[in-house]
Amino acid sequence: MTDLDFAAYYVEPLRLLRCDEYWDLYSFFPHEASLEDRQKSLNALYRFYVSGIMHFKELAKEDPMGAFELLEKAPLAKIDEGKYFDAWLAILVKGSKEFINSEASALGLPLEKEAPHAPNFRENLEALFQKHGVGFEKGSVYPPQN
């Protein structure tokens, strides 16, 4: 994974999840332009979900895999803007209390949005993902392989 992809798909969304509020997924990944971009977004979201960093709001909370399937099947913006934006705007997520209150700091993610993350942030995040079986070394983790 490139440094640019790490920043776009992990650092910036995690900075938003550090705030105690719900976010639409378009706020996380507004640059979706291809199936590859969408897959990168789904991989990041799945890693966040499985590792306990984030949770879904309301209906998606009852059926999180259904929420992932809806996002996966949503048409891309270039094909059908209304449906794509509806799907990615309608599903809301929030950082878990543990992530907001302690885990983000332990990983090396500062409270201040503009402050740089710790030099070992990527290693710490990778270790957390590995602990939950969704490490970067696995490549694509969504959809999950049984």
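View 1. Asn43 counts as buried because its relative accessibility is 8%, under the 20% cut-off. In this predicted model, Asn43 has its place in helix H3. Leaving out residues up to four places away in sequence, Asn43 touches Tyr10, Ser140, Val141 and Tyr142. Asn43 also belongs to the lining of the largest pocket, which is the subject of the next view.

**View 2. The largest pocket and its lining.** The space in the largest pocket amounts to about 180 Å³. Two elements, helix H1 (3-17) and helix H3 (35-50), each give two or more residues to its lining. The largest share comes from H3, with four residues. Asp5, Tyr9, Tyr10, Gln39, Lys40, Asn43 and Arg47 are among the lining residues, and Met1, Phe136, Gly139 and Ser140 also take part. By residue class, the lining comprises four nonpolar, four polar and three charged residues.

**View 3. The largest nonpolar core.** This core holds 39 residues, of which Leu45 and Phe48 touch the most other members. H1 gives the most to the core, with seven residues. Further elements that give two or more residues include helix H2 (25-28), H3, strand E2 (54-56) and helix H5 (64-73), as well as helix H6 (81-90), helix H7 (97-107) and helix H8 (121-131). In soluble globular proteins, nonpolar side chains tend to be buried together.

**View 4. The surroundings of Leu45.** Neighbours within four places in sequence are left aside here.

Notes. Residues numbered from 1 in each chain as written. Predicted model: local features only at pLDDT ≥ 70, side-chain atom pairs only at ≥ 80, totals over all residues. Heavy atoms only, no water. 1 Å grid on protein atoms, 1.4 Å probe; cavity = no way out; pocket = protein on both sides within 12 Å on 5 of 7 lines; lining within 4 Å. Points joined across faces, edges and corners; volume = space filled by probe spheres on them. Nonpolar A, V, L, I, M, F, W, Y, C, P; charged D, E, K, R; others polar. Core = buried A, V, L, I, M, F, W, Y, C linked by side-chain atoms within 4.5 Å. Buried < 20%, exposed > 50% of the residue type's maximum accessible area, 1.4 Å probe, protein only. Contact = heavy atoms within 4.5 Å.
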